[in-house]
Amino acid sequence: MASTGGAEVLVASNRGPVSYDLREDGSLHAKRGGGGLVSGLSAIGPDANAVWVCAALGDGDREAVRRAEGGRLPASDTGGQQVRMLDIDADVFADAYNGIANSVLWFVHHMLYQTPLEPVFDAEFRRQWGSYQAYNRAFAEALSQEAGEGAVVVIQDYHLALAPRMLRRLRPDLRIGHFSHTPWAPPDYFRLLPDDIAAELLSGILGADHAAFLTRRWADAFVDCCHAVLGPGIPAADPSSGGTRIGVHGLGADADFLRKRSHEPDVDERMRALREEIGEGRKAIVRVDRTELSKNIVRGLLAYRQLLDDHPEWRERVVHVAFAYPSRQDLAVYRDYTAEVQRVADDINSAYGTAGWTPVVLHVKDDFARSLAAYRLADVALVNPIRDGMNLVAKEIPVVSDEGCVLVLSREAGAYEELGEDAVVVNPYDIGGTAEALQRALTMPVEERTERCKRLAAGATALPPAQWFLDQLGALGG
């Protein structure tokens, strides 16, 4: 497919830097997002001739694409970035996004299946897989059209695992990278997938010149899967012999943004409200998560309950501030999990609460300013995922903390690779062990806590988002 564009740098991701709400009067309201890709594209400057290719996620996005010329969104909505949004058929998108990416690939890489009953790879799965292929093909074709000769293309995440190989076939002149933001499953678990699907996913990513991951552990797991499924020597152990190079880029926290944003007036206002909810003189154990199955919120609550049982001296002296923002509520299993989080929190408050003390302060409405307020006042940060590609909350809280906090961190979070030495590390399945970790964190001497938090903040900001993105470009010679 010949190029019709001249972009020198291209980014592809499911979600773009802007989304749209369609209002009752027919007008569109644009809302800009943030994150590492936004920072990265800003870092390369306005003269880099960059294009971001993304999918329309809802009715507002689709209407914006229909009103835009060639799917290219107005620069006034995107902060000056060139963004091409793809109006993929809504049914195809739903199959690819919810049916495959979120209900199969996410579950495989986070090892979430209850294997006596799931997965079931039947005719319906095969139908949805066809949509996943079509979704990836739409991205490959759009990137091919937008890219200039020899351009650098960075494709993001598990939604687009097939796109590198598809794009390579269309445009062999391009320098292509793929970055995985999730963990990568070990071979025994990855091979739950049908053999042909497993091979197609691996071969898809190996269409890239550079395949990158958040930690060495996930990169090694990918290579192990390639050897198990595709055969020894794939990818080539010696990058100079050609093929796909394997890289590791550990995305860090954006310290400058976080420190500035966390001291704005709306955050100060939320801090006053939270302190009132917690009560004078009490310690705060803070967690901030989406109600994603892998985040392990229920076991965190159960560990807090165990703490109150094992160490009753903490009753009325500590509060668990738990922000559990609903995620993927169009999937029944996520709705059920969100309801279970609420039920367990209510049970703890009913069993232990007093007239002047609410043991669990649970908020389910997303509020970034309130999250930053909780970061600042946390005595203990609880980050205990079952499995996580990185977990930026583990990196953000030490950066923002006013007095220095203790990080209780799951050894299954990607952040453990960088922060484990200065955190209190837990097995995420061990309720009693996590309760004892909370006790250790709550009783840690102030001097030790402060020094650990300083080292955590330094480790958390070693590769800020802009540099993380630039490193990916650099690995491709961009």
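This is a predicted model: local features need pLDDT of at least 70, side-chain atom pairs count only at pLDDT 80 or more; totals for chains, interfaces and linings use all residues.

Visitor: In what order do the seven strands of the open sheet stand?

Guide: Strands of a sheet pair through backbone hydrogen bonds, either parallel or antiparallel. Helices (H or I, at least four residues) and strands (E, at least two) are DSSP runs, numbered from the N terminus. Two strands pair if DSSP finds at least two bridges between them. Here the order is β5-β4-β1-β6-β7-β8-β9, with parallel pairing. β5 (82-86) and β9 (245-248) each have a single partner strand, so one side of each lacks a neighbour in the sheet.

Visitor: How many bridges join β4 to β5?

Guide: Five, with β4 covering residues 50-55. Trp52 stands opposite Val83 in β5.

Visitor: Which strands does helix α19 lie across?

Guide: Angles run from 0 to 180 degrees between N-to-C directions; axes are lines fitted to C-alpha atoms, for helices over the stretch in contact. α19 (residues 465-475) lies across β1, β6, β7, β8 and β9. α19 runs at about 130 degrees to β6.

Visitor: Now α11. What span does this helix reach?

Guide: The expected span is 1.5 Å times one less than the number of residues. α11 (residues 265-278) has 14 residues and reaches 20 Å from first C-alpha to last, close to the 20 Å expected. Just after α11, Gly279 takes a positive phi of about 105 degrees.

Visitor: Which residues of α11 are buried?

Guide: Buried means under 20% relative accessible area, exposed over 50%, partly exposed in between (1.4 Å probe, protein chains only). In α11, Val267, Met271, Leu274 and Ile278 are buried. Down the axis of α11 they fall within an arc of 70 degrees, so they line one face; the arc is that of the directions from the helix axis to the C-beta atoms. The face turned away carries the exposed Pro265, Arg272 and Glu276.

Visitor: At what angle do α11 and α14 pack?

Guide: About 65 degrees, with their axes 8 Å apart. Contact means heavy atoms within 4.5 Å. The contact includes Met271 and Leu274 of α11, and Leu372 and Ala373 of α14.

Note on methods. Residues are numbered from 1 along each chain as its sequence is written. Side-chain values use heavy atoms; hydrogens and water are left out.
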